[in-house]
Amino acid sequence: MIQVKSLTKLYGKKSVVDQVTVDIQPGKITSFIGPNGAGKSTLLSMVSRLLDADTGEVLVDKSDVRKMKSQEFAKRVSILKQSNYMNVRLTIRELVSFGRFPYSKGRLTEEDERIVEQSLEYMHLTEMQDSFLDELSGGQRQRAFIAMVIAQDTEYILLDEPLNNLDMKHSVQIMKILRRLVDELGKTVVIVLHDINFASVYSDRIVAMKDGRVVKDGPTEEIIQSDALSEIYDMDIPIQEMNNCRICVYFNS
């Protein structure tokens with residue numbers, strides 16, 4: 001379990017994240033939703049140690065992340081940031097192999113190679129694994145970075161808006177893969193999403209943030225309700241049931 005306790009981040013006098021306390025349950029997909037500027041990405045950055053908190057603490061399986069050695073942390077928590085830029089020319093396979101660095105320090109074993117192959121296959125990248133990143137579309141590049149995160153083989157996978165630059169087909173593909181990682185491999189996935197319908201269809205739990213605070217936290221079916229969404233987004237969002245899924249019809253609200 002990941003426990004976030006009274007986490008705060010200040011920029012000047014403004015609290016971007018304000019006394020947030022939330023538990024991330026293991027073996028589930030937890031989606032963070034909310035309007036722009038709600039503090040979702042900042043919170044994820046603090047959980048993943050990319051950003052220092054001003055107050056509060058983050059515990060991973062009861063261990064304070066600030067006291068964990070980098071290698072130990074990298075074997076337990078992986079993170080995909082919103083923007084991923086590398087100024088070196090790499091192939092897809094070379095990038096995905098970086099996910100094994102906490103284990104092999106660059107000297108890949110047979111087991112490392114097997115996990116790299118599996119990660120490429122998971123993301124349907126095997127046939128193009130020798131292509132260079134700078135030759136790829138934005139969506140293909142995003143899939144390559146997600147494959148790298150999968151290759152890191154951590155229990156906890158944190159993804160900050162991973163559907164950026166992806167078309168509908170590949171967005172659905174990514175969410176189905178994340179669902180498989182949870183259901184088949186027992187991973188714990190934490191994901192920042194802007195599209196509440198993806199959160200509705202694929203999440204086990206939803207945490208909604210607004211103005212730096214958690215305003216809703218619960219099972220998906222409790223959060224995907226018109227009254228709850230109205231409080232989060234300040235707009236009326238009708239909900240329709242389709243194929244046992246709750247779909248938010250906000251396009252003409």
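A crossover is right-handed if, with the strands pointing away from the viewer, the path from the first strand over the helix to the second runs clockwise.

**Entry 1: ground rules.** I am working with a predicted model, in which local features need pLDDT of at least 70 and side-chain atom pairs count only at pLDDT 80 or more, while totals for chains, interfaces and linings use all residues. Residues are numbered from 1 along each chain as its sequence is written, and side-chain values use heavy atoms, with hydrogens and water left out.

**Entry 2: strand β7.** I looked up the β-α-β unit and found that β7, helix α7 (residues 168–185) and β8 form a right-handed one. Helices (H or I, at least four residues) and strands (E, at least two) are DSSP runs, numbered from the N terminus.

I then checked the pairing, where two strands pair if DSSP finds at least two bridges between them. β6 (residues 77–80) runs parallel to β7, with four bridges; S78 has I157 as its bridge partner. β8 (residues 188–192) also runs parallel to β7, with five bridges; here Y156 is partnered by T188.

Is β7 buried or exposed? Buried means under 20% relative accessible area, exposed over 50%, partly exposed in between (1.4 Å probe, protein chains only). Five of the five residues of β7 (residues 156–160) are buried, so the strand is largely enclosed by the rest of the structure. I noted Y156, L158 and D160 on one side, I157 and L159 on the other.

**Entry 3: cysteines.** I searched the whole structure for disulfides (cysteine sulfur atoms within 2.5 Å) and found zero. The sulfur of C245 has its closest cysteine sulfur in C248, 11 Å away, too far for a bond. C245 is partly exposed at 21%, whereas C248 is buried at 0%.
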